[in-house]
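Me: I've got a two-chain model open and would like to walk through a few spots in it. Can you take my questions one at a time?

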Amino acid sequence: MSSSSTRKSSPRISRRGLLGRGGALLAGMPLLRFGSGSLEGERLFVLVELVGGNDGLNMIVPFEDPAYHAARPRLRVRGGGLALGEGFCLHPRMEALLPLWKEGEMAVLHGVGYPRPDRSHFRSRDVWHSGRPDLETPSQGWLGRAAAAMPKDGSMVRAMGLGEVDLSLVLRSPRLAVPALPDLESYMLHTDGRARRRRDARLRELAALQETARDDAIGRLLARCAREALEGSERLREAAASWRPKAGFPTHAFGRRCALASRALTSSLVTRIVHLRHHGFDTHASQNRTHGTLLGDLATGLSALAADLRARGLWKRCLVLCFSEFGRRLAENRSGGTDHGKAGPVLALGGSLKGGFHGRATSLTALDDGDPSFTTDFRRVFAEVCERWLSVPSRPVFRGSFPPLNFLPRS
Amino acid sequence: MKARSGQATLGKAPALGGSRTWLRPFRPGRDGAFDEAAVLHLLRRAAFGNPPSEVERMLRLGPEGAARALVAGSEPDRAAQSLEDMRPFVLGTESGRDLAAFWFARLCRTRHPLRMRMTLFWHDHFATSIRKVRNAWWMTEQFETFEGLGLGPFPDLCRAVVKGPAMLRWLDAPSNRKGRPNENLGRELLELFTLGRGNYGERDVKEAARALTGWTIIKGRFRFDRRRHDPGVKEVCGKQGKWDGDALCTHLFSLESCARFLAGKLLEHFVGPRWPVEARTELAEVLRERGLHIGEALEVLLASRLFHRPEFRGARLRGPIEWQAWVLRSLGARASPAALHRSAGRMGQRLLDPPDVAGWPEGEAWLSSASWLQRADFALCLGRPGGPFHLDPPLEELVPDRGPEAECGFLIRALLPEGLPRRAEEILKARARAEARLPRPVRLAGLLGALLLVPAAHRC
C-alpha cells in the first residue's frame, strides 16, 4: 500500500545474485528489493495441515489405556513394535518416522485444541488458521501475520502455499502478498517462447516496456512490481532447473508435495515458510483402510523431506509442524469410522527441537461430551513458533500472551 | 426485487444550483474540449472502455447527453433478465462458482456497462462472502438487487440489500434478539453502509443493534419477528424513537453524513484517489437534493468540470475484473467465464469472496510483484491458441491480416486509442517485425500480451 519502502536499498544487497542469467538479462535495471541477500542462517518452517480432522488417537496410540481398547473394538491399533514410551505407540504404518523419534528429532505435543470447541470443519479451521477464536469470521491467518512482521530477508516471497490453488486462510495477511502455487512453475512468467533465445528477447522487451511508465506514484509502483516479478520469475526458473533431490521422495501425492517443499526451501532465495496440505482425514467410515494409508504417506513423505534437508545440512534449521482442525471422538461409530471430535496431538519434527512428549495427555475417562478434551491451547504452540523460531513477537499475532511448551530451544 | 423505482425521473436533465464550482456542468470551449480523448476518459471510467463505435455516438451527444446515455444504458439489455435463469443452476449449491462464471459471461456482453460497474461497486460496498453465507441462490438474489436498484435511490437499494437473506446471515441478524443483542449488522450498517467511521459512537452501534432485533430469515426470506424485537425507545446519532430496523434506516438515510459518505465513495471510484475535498460537499448536496438517487448524482458527476479535469485522466489503477472487462470489451470478444473468474481470483479479486466485510483493498493495494505476475499470466495466455481462455472470436479473426506492423497498429488502436509512449510503440513494432515468420495466432497472442503489460494499460 505504501510505496515508501520501495526504493530502499539495503546494504546487504550486492550485485552477486544478479550475475545469474536473470540478472544479466535485466542488467541495467535498478536493483531489486530482494537483491541477492542469502538465507544463510535463516530458519525454515513447514506447516503441514492434515485436512479433515485427523484421528490422533490412532496416530499416537494410548495402547496401555483400557478405555481406548474398550471404545474401539474394531479400530484399535495394537501395540506393535513402535512403542514410544509413556504408554504410547506410533501407528505401525508410520515406521519411517521412528528413527527421528529415537534421535530426539520428533516431538509429540499432547491434547492440543481450543476453548469452546466447534465440531464444524469450517469453524474449526477458521480458528486454527487465524489463531483468533474470538473472531466470528476471521480474514487473516496467524502465519500470514507473523510472516508480515518478520524482518526483511533475502527471500523472494516470505511464505507460500504449495500444492494448492486457493490461498489458505493461515497465510493471509493484508500486508503481505503470499502466493498459493500448485507448483513452482506457476510463479514463473509463461512467455510464449520455448527456445531460450526467443524467451530472453521477450523478457527484455517486457522489461524495456516498463521503462515507459509515467513518473508518478502509480507509474513507479507498476514499474517496480513488474521488474520484481520479471527478475523473480527468472531467478526461480534457474533455481528450479538446477534443483535435484537428495533423498528418494515417495511418488504419492503428499510425497510430491514434500519434494516441492524442499525445492522451494532449498532453491536459493525462494522462500522460508511453506504451508502444505495432506487431504482425506475425514474418516467417518471404513477408517482402517484409509487412515493407515494416510499416516503411511505422511510418515514416508516427511522422513524423505528430513533426509533431503539433512543431506543439504539444513535439517538443524528446519521445523515441521503437523496439525489438524480437530481430533475425533473416542468411540468408533457403526460404520467402522470415527466422527468429529475435539483436541488432538500436534507432531513436530526438526533437527534442533526438544524431542519427546510435551504437555499433558488427554484423559480417556473424563470426556467432554464423548471427546477427549484439550489440555494445551493451540495458541501456545503457534506462539512458541513465532517467538522462538520465526523471531516475531507473538502477542500482536494472537492478541494475548501464551506460555511456551518449551519444545523449541530458546533463540 | 425487480422494482426500479425512481427510473421515471431519470430522463430529465439535472438542474443545478448555481453555487457549485466543481460540479458545474462541463462546457466545451470554456472548460476544455469535449473531444475524443474526453470521451475515451468517460468510457473508461463509466463503462469499461467500449468499442470505437461508441466514441462517435458520445461525441454527438455532448458531455451531458453522454453521461445520461451511460446511466440509462442501451435497451433492450438481453443480459438483464438472465439472472433469473441462474436459479436452477445455483439452487441448493454452496459454491459461488456457477454464479460467478455466469456473471463474467454477462460482463462481456452487457449493453449497460455502467450498471455492471455499479454491481461490482456495490458488491464491494456491501461486501458479502459466500464462504459464510454458503447459499448461492441468496448471493444471486443479492446481485440481482445490485443490478436492479444500483442506479436508483440509495435508500431502496440499501434496504433491499440489508434485508436480503445473504446479508442477514452474513452479519448474523437472526441471532440479534431482544436482551441478547448481536451488534454485527448494526455496526456495519453504520460504519460500512451508511455513515462511515467517525460519524457515530459505540453507543449508537448498541442502540442500532436494538432497533434491528427481530430481523430474521424464515424459509429463505426476510421476516420481522415481533417476539424477538426490542420495542423500547432507542437513541441513534442524536435522535430518539421507538424504532424498528426500517425506521432506523430511514433515520440514517436522512443524516448529512450518509450523503457525504456516499459522495466520497463515488468520487474515489469515478474521479480517482486525489479528488478535492470541496467536491464531496457539493456531491453530497446533489445527493440530498435528489433523495440519494445514485443514477442522478452520477449524471451530474460524469458531466462535471471536475470529472473532465485533465489531471484525473489515468489517475486510477484498474482493479483485476475491471482490467479484464476492459480488454475483452475493447476487443469485442468473449472468453471462458470460468477461466476469467479463476484468473481474477489469482490477481486478488475473487468474486463473491471479498477478503472481509470492508471489501477489497482499493487502488495501489491491488498491485504486488506476485499479483503483477498473475496479470502477466492473464495477458500472455489470453489470446494463446489452446490456452485456457478460448477467446471468441480468436485473435486471427479479430485482427485484419495486413502484415505484422499493421496488426500491431490495430491492437493499439483497439485497446489504447489515445496512443502509447513512442518508445513503447517502437518496441512493440520491432517485436511484431521480428516475429513476422511465426504462425499468425501465436504471433498475435504474444503481441497482445506485451501490449497488455505496458504500464499504461493498467491505468484508467
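Me: In what order do the three strands of the open sheet in chain A run?
Reply: Keep in mind that this is a predicted model. The sheet is an open one with three strands, and the pairing is antiparallel. The order in chain A is E2-E4-E3.

Me: Which strands of that sheet stand at the edges, and why is one side of each left without a neighbour?
Reply: Each edge strand has a single partner strand, so one of its sides has no neighbour in the sheet. The strands at the edges are E2 (60–61) and E3 (83–85) of chain A.

Me: Now strand E10 of chain A: how many of its residues are buried?
Reply: E10(A) spans residues 344–350 and is mostly covered. The buried count is seven of seven.

Me: Over in chain B, which helices do the buried residues of H17(B) pack against?
Reply: H17(B) covers residues 337–347, and its buried residues are Ala339(B), Leu340(B), His341(B), Ser343(B), Ala344(B) and Met347(B). After the helix comes Gly348(B), with a positive phi near 115°. The buried residues pack against H4 (97–109), H16 (320–331) and H18 (369–382) of chain B.

Me: What area is buried between chain A and chain B?
Reply: The contact takes 38 residues from chain A and 44 from chain B. Carbon and sulfur atoms give 62% of the buried area. The area itself is about 3700 Å².

Me: Which residue of chain B forms a salt bridge with Asp216(A)?
Reply: There are three salt bridges between chain A and chain B. In the one formed by Asp216(A), the closest N and O atoms are 2.8 Å apart. The residue on the chain B side is Arg459(B).

Me: Which element gives the largest share of the side of chain A that touches chain B?
Reply: Two helices of chain A each give two or more residues to that side: H6 (196–210) and H7 (217–242). The largest share, eleven residues, comes from H7(A).

Methods:
Residues are numbered from 1 along each chain as its sequence is written. Chains are lettered from A and ligands numbered from 1 in the order in which they are written. This is a predicted model: local features need pLDDT of at least 70, side-chain atom pairs count only at pLDDT 80 or more; totals for chains, interfaces and linings use all residues. Side-chain values use heavy atoms; hydrogens and water are left out. Buried means under 20% relative accessible area, exposed over 50%, partly exposed in between (1.4 Å probe, protein chains only). Helices (H or I, at least four residues) and strands (E, at least two) are DSSP runs, numbered from the N terminus. Contact means heavy atoms within 4.5 Å. Two strands pair if DSSP finds at least two bridges between them. Buried area is the accessible area (1.4 Å probe) that two parts lose on being put together, summed over both. A salt bridge is a side-chain nitrogen of Lys or Arg within 4 Å of a carboxyl oxygen of Asp or Glu.
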